[in-house]
Amino acid sequence: MKKIEAIIKPFKLDEVREALSEIGVTGLTVTEVKGFGRQKGHTELYRGAEYVVDFLPKVKLEIVIGDDLVERSIEVIINAARTGKIGDGKIFVMPVEQVIRIRTGETNEDAV
């Protein structure tokens, strides 16, 4: 099993969720986050005053899936989240040693 964490632009969330559902991903966790990478923020104008926004709003998706769905899920996230502009995000893939469903006690693949 693997855990995929994807940091994407907030307005791409629905497209990514729908695309993942179509390939059989049954659950995911979404967190609103802020951060910066190469973008290093931007400046905005508010009531005539210019100010710097250092941390940009992003969305972090967390998905734990079987090894058989990992590559397809990565492709789907890339295709659905890409705008072609700086700040599209990143995907991180990590191994998962164990999963336990609290309600039933199911473990590993059965718990995902």
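**View 1. Surroundings of Ser73.** Ser73 touches Ile4, Leu20, Ile23, Val25 and Ile65, leaving aside residues up to four places away in sequence; contact means heavy atoms within 4.5 Å. Ser73 lies in helix H2 and, at 0% relative accessibility, counts as buried (buried is under 20% relative accessible area, exposed over 50%, partly exposed in between; 1.4 Å probe, protein chains only). The Ser73 side chain reaches the backbone oxygen of Leu69 at 2.7 Å. The model is predicted: local features need pLDDT of at least 70, side-chain atom pairs count only at pLDDT 80 or more, and totals for chains, interfaces and linings use all residues. Residues are numbered from 1 along each chain as its sequence is written, and side-chain values use heavy atoms, without hydrogens and water.

**View 2. Helix H2 and its two sides.** Helices (H or I, at least four residues) and strands (E, at least two) are DSSP runs, numbered from the N terminus. Buried residues of H2 are Val70, Ser73, Ile74, Val76, Ile77, Ala80 and Ala81. They cover an arc of only 165° around the axis, which puts them on the same side of H2; the arc is that of the directions from the helix axis to the C-beta atoms. Glu71 and Asn79, on the other side of H2, are exposed. The buried residues pack against strand E1 (2–8), helix H1 (13–22), strand E5 (56–65) and strand E6 (89–95).

**View 3. Strand E1 and its partners.** E1 and E5 run antiparallel and are joined by seven bridges; two strands pair if DSSP finds at least two bridges between them. Ile8 stands opposite Val59 in E5. Seven bridges also join E1 to E6, again antiparallel, and Ala6 has Ile91 in E6 as its bridge partner.

Definitions and conventions
A polar contact is a pair of N or O atoms within 3.5 Å; within protein, one must be able to donate a hydrogen and the other to accept it, and residues adjacent in sequence count only if both atoms are side-chain atoms.
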